[in-house]
Amino acid sequence: MRLSDRRRAEARIGLSRAHISPRSWAEVAPEGSFLAVHVGRKAKCPVPSAKRGAVHGFSRQSRGRLLKLVAKVNRLEASRALFVTLTYPSSTSVSYFSCKRHLDSFVKRLQRKFVHCAIIWRLELQKNGQPHFHLIVIGPRFIPHEWVARAWYEVVGTGNSDHLSAGTEVRRVGSFKQAFSYAAKYAAKLPEGEADDTEGRVWGVYGRRWLPVRVIQWELDGEGEARLTRAIRNLVESRSKRARENPYPPHWCICEGDRGVRIVAWAARLAL
């Protein structure tokens, strides 16, 4: 019998004070704004390697994953990103699979023109059921609006001159706060009724290899996990009245990288 199995068996019958606690670990983005504590599972690689299953709509869990990804992005690069909106004419009926093909074609054109380019995209349905895309483009410092309008117009192929002149928008971010606020307000906005019935993915990443994300992980003991959980809860509750009413402690928060590293070091009793 393995030592761990023997200790568990002894603990169950009261022969030992040994306690096998679940593994806990901290995760922080030093150049981003992400701080998290994970309990009772093994530390995972920051870059996902397995394919996800079938996706239906945009749930709160999906929204959380999108916001966490944006929080991990390098703050400086996020402040230099561009917001791009791609819409369809109100008179055009487009299926989910057609609009995804349009997005794929548009992104291929964009990546041919700007090689080191990462795009976080979100498909949203308007009240009339018409789809449109919100994009956070990281890498290029400038993308001409005329080029975006022409490329999207040619990809969709409506032949509508109004779509060429008013079907797109390009804006500069300016700060990480604006980038995250944009993601929370538009890219990660939950539809009415908490979820929609769209089949397939409604957000994702193109050019993930160029996404400026670096995450560091520390293994924590029980005391370290409790200290970090308390710190994250205090940070969240100081910013949100709704969070103070939640009986379950949050496991992640927005926290500037340097501060997040210091908090983890404090929780784990590390010497910086």
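The exercises below concern a predicted model of a protein chain.

**Exercise 1. Overall composition**

Task: State how many helices and strands the protein chain has, and what share of its residues is buried.

Solution: The secondary structure comes to ten helices and nine strands. Of the 272 residues in the protein chain, 42% are buried. For contacts with a separation of 6 or more, 75% are between residues 24 or more positions apart.

**Exercise 2. The pair Tyr88 and Trp152**

Task: Classify the aromatic pair formed by Tyr88 and Trp152, and state which parts of the chain the pair ties together.

Solution: A pair of aromatic rings is described by the distance of the centres and the angle of the planes. For Tyr88 and Trp152 the centres are 5.4 Å apart and the planes make an angle of 65°. Rings pair if their centres lie within 6.5 Å, and planes over 60 degrees apart count as edge-to-face. The pair of Tyr88 and Trp152 is therefore edge-to-face. Tyr88 lies in the loop between strand S3 (82–86) and helix H4 (96–113), and Trp152 in helix H5 (residues 145–156), so the pair ties together parts that are 64 residues apart in sequence. Both Tyr88 and Trp152 are buried.

**Exercise 3. The pair Tyr96 and Phe97**

Task: Describe the geometry of the ring pair Tyr96 and Phe97, then decide for each residue whether it is buried or exposed.

Solution: The rings of Tyr96 and Phe97 are 5.3 Å apart, centre to centre, with 75° between the planes, which is edge-to-face. Buried means under 20% relative accessible area, and exposed means over 50%. Tyr96 has a relative accessible area of 15%, so Tyr96 is buried. Phe97 has 54%, so Phe97 is exposed.

**Exercise 4. Ring cluster and charges over rings**

Task: Name the residues that ring pairs link into a cluster, and find where a charged side chain sits over a ring.

Solution: The cluster consists of Tyr88, Phe106, Phe114, Trp121, Phe133, Trp147 and Trp152. The charged end of Lys72 sits over the ring of Phe34, 4.8 Å from its centre. Arg227 lies over the face of Trp266, 4.1 Å from the ring centre.

Conventions
Residues numbered from 1 in each chain as written. Predicted model: local features only at pLDDT ≥ 70, side-chain atom pairs only at ≥ 80, totals over all residues. Heavy atoms only, no water. Phe/Tyr/Trp six-rings, centres within 6.5 Å; stacked < 30°, edge-to-face > 60°. Helix = DSSP H or I, 4+ residues; strand = E, 2+ residues; numbered from the N terminus. Buried < 20%, exposed > 50% of the residue type's maximum accessible area, 1.4 Å probe, protein only. Lys NZ or Arg CZ within 6 Å of the ring centre and 35° of its normal. Contact = heavy atoms within 4.5 Å.
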